[in-house]
Amino acid sequence: MNANTAAGAQATPVVPLLDLKAQYATIEKEVLEVIREVCASQMFILGANVDRLEKEIAKYSQCGFGIGVSSGTDALLVALMALDVGPGDEVITTPYTFFATGGTVARVGARPLFCDIDPATFNLSPQSVAQLIAELGELRSGQLYNRRTGGRIKVLMPVHLFGQVADMDPLMAIAKANGLKVVEDAAQAIGSEYRGGVRAGSIGDIGCFSFFPSKNLGAFGDAGLCTANDPALAERLKILRAHGGKPKYYHSVVGGNFRLDELQAAVLLVKFRLLDGWTAARQRNAAVYDRAFARPAFAGNVATPVVVPGYRHIYNQYVVRVRDREGLKKHLHDAHVGTEVYYPVPLHIQKCFASLGYKAGDCPESEKAANETLAIPIYPELTAAQQEHVIATIACFYRK
Ligand SMILES: *Cc1c(COP(=O)(O)O)cnc(C)c1O
């Protein structure tokens, strides 16, 4: 931290990538009160707070049902289990995402099929999915098979990366034509909207949300939620969440412990009421960056996120494509500005997936994004001075 250099001079701001302490300061009293209430009740698992959270998030996300679970990862895992995805099955998804997207596919014993992204939005490209199906797919009595592996392609799993919904109309059309179920990885996208105000998590068969602390709606630990509109599917998710017992101790399916805690739900309910205000602040911060980086000095150096007209981007991250990413990252670090690379290694070339047979060059846009992008601070509590420091530091780097 830089000290003031002279009396009255401003200290150089320190700008973390995310400042959860600043947010906590604004809600501490209310949060401690609800935590106290849960402690007094000694009801810790799947109680009234979880119920309320499920209903409120489902409604907010324009879904019939919400099923609170233990994390965003477990939301994806239990979604795949509910759709009976297992060995011999395949799931089409993007390699430019957090590991859990592909990791959960592998954990149920299925095979991820990676399709490249749209370089403008970083989201799964419908054209690349269509191309993959044209090359490998074979429809037999309404079910899609992979001609190369013999596996059944069962699910399409788009990710709404950084808080912007993937291009769902063509993806849903492809899914429908090929008998695929759709799981939306909406971990970064609570409240984000597709065309026509349609919300993330309401479009596919199951939506998966994460309340990891760094997400737009973050718990005080791990938490997540599945959404669904089909009551039978919602019921199945609920049963699988608690070991598949229905009634308790009678198991017709094998589930797991994917339950959500009351303490997390109580905290999330407090924060949920503030979510739209925080999102508005993220959008204001994004607009400030958009304007600043449109200046000629940044041309060819910094490309700002592309927001598709008519969408609501909630900016879980503000990710720019930059020239000399590693140099800029270090320069920002030296000026006390936090950044992160989301994500440096696309999933198709992760070591753990080597046996799938992908190689560098298979998803060129994902690989290019992995090499060029940088997330800069966008959190709601970012001050004007902090944001000006980020912009000025980046400007300084490209002046050199
Ligand atoms: C955060 C995240 C997850 C996993 O959520 P956890 O709550 O951390 O388990 C899955 N997919 C994406 C795209 C994410 O960003």
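Colleague: Which residue follows helix 7, and is its phi positive or negative?

Modeller: His 243 follows helix 7, and its phi is positive, near 65 degrees. Helices are DSSP runs of H or I with at least four residues, strands are runs of E with at least two, and both are numbered from the N terminus. This is a predicted model: local features need pLDDT of at least 70, side-chain atom pairs count only at pLDDT 80 or more, and totals for chains, interfaces and linings use all residues. Residue numbers start from 1 along each chain as its sequence is written, and side-chain values use heavy atoms, leaving out hydrogens and water.

Colleague: What caps the N-terminal end of helix 7?

Modeller: Think polar contact: a pair of N or O atoms within 3.5 Å; within protein, one must be able to donate a hydrogen and the other to accept it, and residues adjacent in sequence count only if both atoms are side-chain atoms. Here the cap is Asp 230. One of its side-chain oxygens sits 3.0 Å from the backbone nitrogen of Ala 232.

Colleague: Which residues of helix 7 are buried?

Modeller: Start with the cut-offs: buried is under 20% relative accessible area, exposed is over 50%, and partly exposed is in between, with a 1.4 Å probe and protein chains only. An α-helix has 3.6 residues a turn, so residues three or four places apart point the same way. In helix 7, which spans residues 231-241, the buried set is Leu 233, Ala 234, Leu 237, Ile 239, Leu 240 and Arg 241.

Colleague: What covers the buried residues of helix 7?

Modeller: Contact means heavy atoms within 4.5 Å. The cover includes two helices, helix 2 (48-60) and helix 3 (72-82). It also includes strand 1 (65-69), strand 8 (206-210) and strand 9 (224-228).

Colleague: Now helix pairs. At what angle do the axes of helix 2 and helix 8 cross?

Modeller: Axes are lines fitted to C-alpha atoms, for helices over the stretch in contact; angles run from 0 to 180 degrees between N-to-C directions. The axes of helix 2 and helix 8 (residues 262-272) cross at roughly 40 degrees and come within 8 Å. So helix 2 is oblique to helix 8. Angles under 35 degrees count as roughly parallel, over 145 as roughly antiparallel, 65 to 115 as roughly perpendicular, and the rest as oblique.

Colleague: Is the crossing of helix 2 and helix 8 left-handed or right-handed?

Modeller: Left-handed. That label applies if the near helix is turned anticlockwise from the far one by less than a right angle; clockwise gives right-handed. Helix 2 contributes Ala 48, Asn 49, Val 50, Arg 52, Leu 53, Glu 56, Ile 57 and Tyr 60 to the contact. Helix 8 contributes Glu 262, Ala 265, Ala 266, Leu 268, Leu 269 and Phe 272. By class, these residues are 10 nonpolar, 1 polar and 3 charged. Nonpolar covers Ala, Val, Leu, Ile, Met, Phe, Trp, Tyr, Cys and Pro; charged covers Asp, Glu, Lys and Arg; the others, Gly among them, are polar.

Colleague: How do helix 9 and helix 12 cross?

Modeller: Helix 9 (residues 275-293) and helix 12 (residues 384-399) have axes that come within 11 Å and cross at roughly 25 degrees. Therefore helix 9 is roughly parallel to helix 12. This crossing is right-handed. From helix 9, the contact uses Asn 285, Val 288, Tyr 289, Ala 292 and Phe 293. From helix 12, it uses Gln 387, Val 390, Ile 391 and Ile 394. The classes are 7 nonpolar, 2 polar and no charged residues.

Colleague: On to omega. Which residues does a cis peptide bond join, with omega about -10 degrees?

Modeller: Lys 246 and Pro 247. Pro 247 lies in the loop between helix 7 and helix 8. Another cis bond runs from Tyr 342 to Tyr 343, with omega near 0 degrees. Tyr 343 belongs to the loop between helix 10 (325-334) and helix 11 (364-372).

Colleague: What is the phi of Tyr 249?

Modeller: Positive, about 75 degrees, although Tyr 249 is not a glycine. Tyr 249 sits in the loop between helix 7 and helix 8. It is exposed, at 66% relative accessible area. Tyr 315 also has a positive phi, about 50 degrees, and is not a glycine either. Its loop lies between strand 10 (302-303) and strand 11 (318-322). Tyr 315 is buried, at 6%.

Colleague: What does Val 307 contact, neighbours within four places in sequence aside?

Modeller: Gln 164, His 313 and Tyr 315. Val 307 is in the loop between strand 10 and strand 11, and is partly exposed, at 30%.

Colleague: How far apart in space are Thr 93 and Cys 115?

Modeller: They are 6.1 Å apart, C-alpha to C-alpha, and 22 residues apart in sequence. Thr 93 lies in strand 2 (residues 89-93) and is buried, at 0% relative accessible area. Beyond four places in sequence, it touches residues including Thr 101, Phe 114, Cys 115 and Met 157.
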